[in-house]
Amino acid sequence: METTSRVEAQGAGTAEAPAGEAAPAAREAPRGASRARRSVDGYLLASFPWYGLDDAYTGPRWLMQVGTAADDTVEHGSIGHGEEPSLRLDQSPDQQRFAVVVTIADRPVRRSADGTGVLEATSVSSAAWLAGSGLLACTWPAKMERGLRQDWLDQQTAIAWELADDLKGPDWSLLSLSVDGVPTDFRYRESEYGWVLAGSTGDGVHVGAYGRGMSAYGLGFSAIKDIASYGR
């Protein structure tokens with residue numbers, strides 16, 4: 001089943017969502033020079049709760065960006081934890097330590113905002129795609145020759161699509177983590193670039209996460225009580 005939606009993978013251009021699965025009908029907000037200081041305004045417009053690491057995590061937290069539909073309805077967004085990932089040539093990816101939590105609204109099949117098409121329902125695969133493309137965007141090899149870099153991004157983006165489309169495949173394993181204090185099953189995979197996981201909450205959203213240098217085992221997620229505090 002085709003989808004009319006498109007999503008911009010950070011650092012990897014604009015690409016269609018995985019075929020046959022739910023895709024976030026959204027576009028990313030422009031990336032600014034200071035990602036950690038982005039306005040909280042977009043987050044406050046969401047009709048769904050935002051998720052982040054639970055209170056067991058006591059390190060830095062920072063806003064990233066929200067994705068909106070054509071009618072400016074907020075569809076998804078990300079919250080960072082730890083050290084902001086960097087593509088600086090003088091910093092090795094192995095030195096990075098971060099975890100990003102992606103929240104995407106649980107949406108049914110619906111008409112597009114302009115009435116010209118149908119958008120597929122969102123699902124755990126949508127969260128897996130956003131998390132996989134997010135990891136790709138912050139771990140691609142900056143030292144690679146420019147011509148080869150785009151080929152690499154295209155190849156890895158295609159792989160991220162295929163993996164998100166096949167959550168029951170051999171590349172994924174089950175990992176039980178706490179969500180609002182309740183043990184919840186997530187689909188989880190690791191690669192040389194980091195880890196990705198995705199699952200659903202009982203709060204009307206799907207949650208994805210990706211990270212590097214911080215183990216996913218033992219992480220817990222909870223609804224953020226006061227997202228406005230992130231903008232202070």
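Here are some notes on the predicted model above, going from overall confidence to individual residues.

1. The average pLDDT for the protein is 80, and 77% of the residues score at least 70. The stretch to be careful with is residues 1–37, where pLDDT stays under 50. The model still gives that stretch 107 contacts beyond four places in sequence, so treat those contacts with the pLDDT in mind, given that pLDDT is the predictor's confidence in each residue.

2. **The overall make-up.** The protein has three helices and 14 strands. Of its 232 residues, 54% are buried. If you take the contacts with a separation of 6 or more, 60% are between residues 24 or more positions apart. The accessible surface comes to about 11,000 Å², and carbon and sulfur atoms account for 50% of it.

3. **Helix α2.** Is α2 enclosed or open to the outside? Since 15 of its 16 residues are buried, α2 is largely enclosed by the rest of the structure. From first C-alpha to last it reaches 23 Å, close to the 22 Å expected at 1.5 Å a residue. At the start of α2, look for Ser 123: one of its side-chain oxygens comes to within 3.1 Å of the backbone nitrogen of Ser 125.

4. **Gln 156, a buried polar side chain.** Gln 156 is part of helix α3, which covers residues 146–164. Why does Gln 156 count as buried? Its relative accessibility is 16%, and the cut-off for buried is under 20%. The side chain of Gln 156 makes a polar contact of 3.4 Å with the side chain of Gln 155. Leaving out neighbours within four places in sequence, Gln 156 is in contact with Leu 136 and Tyr 193.

5. **Thr 58, out in a loop.** Thr 58 belongs to the loop between β4 (51–53) and β5 (61–68). With 74% relative accessibility, Thr 58 counts as exposed. Its C-alpha lies 9.3 Å from that of His 81, which is 23 residues away along the chain.

6. **Two aspartates with positive phi.** Which backbone angle is worth checking at Asp 72? Asp 72 has a positive phi of about 75°, although it is not a glycine. You'll find Asp 72 in the loop between β5 and β6 (74–82). Asp 180 also has a positive phi, near 55°, and is likewise a residue other than glycine. Asp 180 sits in the loop between β10 (173–179) and β11 (182–191). With a relative accessible area of 40%, Asp 180 is partly exposed.

Terms used: Residues numbered from 1 in each chain as written. Heavy atoms only, no water. Helix = DSSP H or I, 4+ residues; strand = E, 2+ residues; numbered from the N terminus. Buried < 20%, exposed > 50% of the residue type's maximum accessible area, 1.4 Å probe, protein only. Contact = heavy atoms within 4.5 Å. Areas by Shrake-Rupley, 256 points an atom, 1.4 Å probe, with all protein chains shown as cover. Polar contact = N/O pair within 3.5 Å; in protein donor to acceptor, adjacent residues only side chain to side chain. Expected span 1.5 Å × (residues − 1). pLDDT = per-residue confidence, 0-100.
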